[in-house]
Amino acid sequence: MLSRFLRRDESPAKARIGVALGVQGMLAVRVEQPFGARPKLTAAMHQAVSSENDWPGSFRALADSLSGSGVPTVVQVHTQLASLLQLTLPDVPEAERASALKFRARELSPIPLDDMALDYVEIPGMRMRGGEASGYCAVARLSQMRALRDAVKESSLRLEAIDVKDMALRHILARVQKPEENGALFFAGSHGARIIIARGDRLYLFRTSNLTAALLQNAQPERIETLLLDIQRTLDFYDSNFTDPPPRQLWLMPGWGFMPSIESLLTGQFRFPVRALRLAEVLDGAEQLDELPADLAALAVGAALRPSDAA
């Protein structure tokens with residue numbers, strides 16, 4: 001999503017590398033995507049990354065390990081590198097909108113204007129209030145995004161896009177839903193949770209939650225109650241603010257060992273089915289990720305499954 005300053009390459013790809021940059025390290029996958037065939041994960045690697053100073057060496061090692069020279073690569077960045085904000089879109093020409101949004105984003109972000117990279121997508125199906133549409137704006141430090149871009153390119157990988165967590169999750173959700181269906185997804189990460197509602201390439205809504213994978217592991221009653229409230233509030237907000245149909249299913253990710261018990265506890269609590277989403281449902285070769293951090297693995301796959309025409 002943070003890709004307005006990149007030169008886009010629209011050529012179709014038979015292979016793509018997806019990279020998830022997390023606080024706990026970097027996880028990368030190589031996915032082969034022959035036209036009309038089911039994607040297949042052919043290789044994966046995980047390594048520690050302490051700071052952006054490690055990026056050049058880490059991406060060089062990644063390119064060597066995954067035979068990535070010239071392969072289109074999508075990098076998903078963690079929330080300390082890029083935050084997603086909801087802002088009203090100013091009524092200005094399209095060419096001026098990103099610059100105008102920076103002035104609105106500075107009220108919510110500590111990044112100075114002269115070091116702010118901003119990308120945005122309009123929120124579909126939202127009831128307009130006050131005559132202005134709303135958009136989701138990814139905001140990051142331009143200096144860090146340039147350093148990331150340079151590290152990827154100098155490694156011989158071909159940088160296709162820089163994405164954020166919610167978009168990576170959207171790409172996975174689109175693989176298990178019918179094109180006309182809306183779905184909700186709860187993602188439990190090592191450093192917090194995310195709830196999104198999406199359909200195809202449309203991200204309607206995202207919400208954060210303080211429930212980490214570690215907190216949910218024991219499934220204590222008060223934490224399940226908090227989880228129920230977080231999801232229900234997200235659904236209520238959607239019902240009140242969007243005109244498109246409600247979600248048809250709630251999916252749970254990633255494949256932590258405790259997720260089946262969460263699925264059981266949530267079943268029957270909502271007006272639609274609840275089901276764990278396993279990466280094996282969206283691509284072959286997912287068993288190679290079994291011993292790797294589940295949240296990073298899912299986000300790396302989501303990055304690799306990004307459609308070439310995605311916003």
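Which residues of α2 are buried? In this predicted model, whose residues are numbered from 1 along each chain as its sequence is written, local features need pLDDT of at least 70, side-chain atom pairs count only at pLDDT 80 or more, and totals for chains, interfaces and linings use all residues. Side-chain values use heavy atoms, with hydrogens and water left out.

Back to α2: its buried residues are Arg97, Ala98, Leu101 and Ala105, where buried means under 20% relative accessible area (1.4 Å probe, protein chains only). They sit on the same side of α2, because they cover an arc of only 95° around the axis, taken from the directions from the helix axis to the C-beta atoms. What do they pack against? The partners are β5 (82–88), β6 (116–122) and β7 (134–141); helices (H or I, at least four residues) and strands (E, at least two) are DSSP runs, numbered from the N terminus.

Next comes the nonpolar core, a set of buried Ala, Val, Leu, Ile, Met, Phe, Trp, Tyr and Cys residues joined through side-chain atoms within 4.5 Å. The largest one has 99 residues, and Phe59, Leu62, Leu148 and Leu250 touch the most other members. Apart from it lies another core, of 13 residues, including Leu89, Ala98, Ile111 and Val139.

Then there is Asn241, placed in helix α6 (residues 221–241). Asn241 counts as buried because its relative accessible area is 8%. Setting aside neighbours within four places in sequence, Asn241 is in contact (heavy atoms within 4.5 Å) with Gly125, Met126, Arg127 and Arg129.

Notes: Buried means under 20% relative accessible area, exposed over 50%, partly exposed in between (1.4 Å probe, protein chains only).
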